Amino acid sequence: MSEVPPAVAVRAIAAGGDGVATLPDGRTVFIPRAAPGDRVRVRDVELHARFARAEIGELLEPGPGRTAPPCPHYVADYCGGCQLMHLSPAVQLSVKARIVGDALRRIARLDVGDPEIVPSAAPFGYRTKVTFTMQESRLGYHRANRAARVFDVHECLIADDEVRALHAGLRGARQYLPQRDARVVLRIDRAHGRHVMVLTAAGDAWTGGPPLHRALLHSGLTAAVWWQPEGGQARVVAGADTPWPATVFEQVHPAMGRTVRAAALDALGPVAGVAVWDLYAGIGESSAELAARGATVDSVEADVRAVRLAESLGPSGPRRHAGLVEDAVATLPPPQLILTNPPRTGMAQRATNAIMQAGADRIAYVSCDPATLGRDIARLSAGYQLASIRAFDQFPQTAHVECLAVLQRR
């Protein structure tokens, strides 16, 4: 007879959203779609030297925070887009706060508790940008346990209403999309303009833009249609007369993005007459607000298109620098305050070294990855101490969480 799979008790949720339990041999096992307090029998156990991965074979006893996911794709298709939809809103918040606190304790070696977390007013319908994959006539997402497999998405519940309407129109015009592993990005810009961007492999030609645009118009949808081959520039192929920088980064949850930005600016305190660095400045919204408050601002952004858009949006007060932060800061006048909002990878070591040498009194660090935040705080710890930490539920139903750490000069 085959050995009966072990039953385990789930004690927590790890960064990434997997449940954490212990196998009979003492190894920590990571289990997707588990809830704190679950007792489960596992299957498909993959043993590694110091840990294991497994799937839920049987839910023996549900944890108190487990709930029925409202999205049929989450269960039937094992959608990889969300990781925590099986948890109640309150448990999702506590899980994310613990993920942040654990990163600070484990990586930054700080003796801190789990932070306050600001909930989202919109747990669903918040994303103004989604990315589908076109595979064998399926316009959909990847499965969480089989990343190469794409399932057809009928409706995404975390997408903004305008994105969902655009997706519905696109589903009826999919014959004009490339049929071989193209990515299709749907985006609503800040002026509520609709965009469809088709990203293809290098060397692939796509001529479906004009008929796709006409089909969307027939459905009552006006959209700019873009095409970007791998390694090439994005170009508009229908629906717009002039280029618009649709590839420039903007927050996919604009309302929460504004909340986080306001908190970060307030954390800097009075800035009138103060020299401020705005690092990883994006399209310059924070730079503009700092300048409006009377600061002398030097902003740094690597994406030249974002810098150009910032210049077009105004005001003209901030001194904008296009380039890598680690290269640009050496040429800037010393700051008294620093606002930094790096990508998920955090700041390069050369950037944290330069910040240490710059000697600012306070740093407001906005992060979308608690692990790299913890690493960067550790790198800065010789010169700075953590004054406060807050978390924001900017991406409900997923394991992602936004953080604001305020660091004060020692």
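1. In this predicted model, glutamine 135 stands opposite arginine 180 in E11. The two strands concerned, E8 (residues 129-135) and E11 (residues 180-188), pair in the antiparallel sense over 7 bridges.

2. Strand E11 also pairs with strand E12 (residues 194-200): 6 bridges join them, and they run antiparallel. Here valine 185 stands opposite methionine 197 in E12. The hairpin of E11 and E12 has 5 residues between the strands, and in this hairpin histidine 192 takes a positive phi near 70 degrees.

3. A second topic is the open sheet of 8 strands, in the order E7-E20-E21-E19-E18-E15-E16-E17, with mixed pairing. Strands E7 (116-118) and E17 (319-322) stand at the edges; each has a single partner strand, so one side of each is left without a neighbour in the sheet. Direction ignored, neighbouring strands of this sheet are turned by 20 degrees against each other on average.

4. At the E17 end of the order given above, strand E16 (residues 296-301) is joined to E17 by 4 bridges, and the two run parallel. Glutamate 301 stands opposite alanine 322 in E17.

5. E19, E20 and E21 are among the strands of the open sheet.

6. Next, the helix pair H5 and H6. Two packed helices are described by the angle between their axes and the distance between the axes. For H5 (residues 254-268) and H6 (residues 285-292), the axes come within 11 Å and cross at roughly 40 degrees. H5 is therefore oblique to H6. The crossing of H5 and H6 is right-handed.

7. Which residues make the contact of H5 and H6? From H5 they are Arg261, Leu265 and Leu268; from H6 they are Glu285, Ser286, Glu289 and Leu290. Sorted by class, the contact of H5 with H6 has 3 nonpolar, 1 polar and 3 charged residues.

8. Is serine 286 buried or exposed? Serine 286, whose place is in helix H6, has a relative accessible area of 13%, and because buried means under 20%, serine 286 counts as buried. Not counting residues up to four places away in sequence, serine 286 touches Arg261, Leu265, Asp278 and Leu339. Of these, Arg261 and Leu265 are among the H5 residues that make the contact with H6.

Technical notes: Residues are numbered from 1 along each chain as its sequence is written. This is a predicted model: local features need pLDDT of at least 70, side-chain atom pairs count only at pLDDT 80 or more; totals for chains, interfaces and linings use all residues. Side-chain values use heavy atoms; hydrogens and water are left out. Axes are lines fitted to C-alpha atoms, for helices over the stretch in contact, and angles run from 0 to 180 degrees between N-to-C directions. Angles under 35 degrees count as roughly parallel, over 145 as roughly antiparallel, 65 to 115 as roughly perpendicular and the rest as oblique. A crossing is left-handed if the near helix is turned anticlockwise from the far one by less than a right angle, and right-handed if clockwise. Contact means heavy atoms within 4.5 Å. Ala, Val, Leu, Ile, Met, Phe, Trp, Tyr, Cys and Pro count as nonpolar, Asp, Glu, Lys and Arg as charged, and the others, Gly among them, as polar. Buried means under 20% relative accessible area, exposed over 50%, partly exposed in between (1.4 Å probe, protein chains only). Two strands pair if DSSP finds at least two bridges between them.
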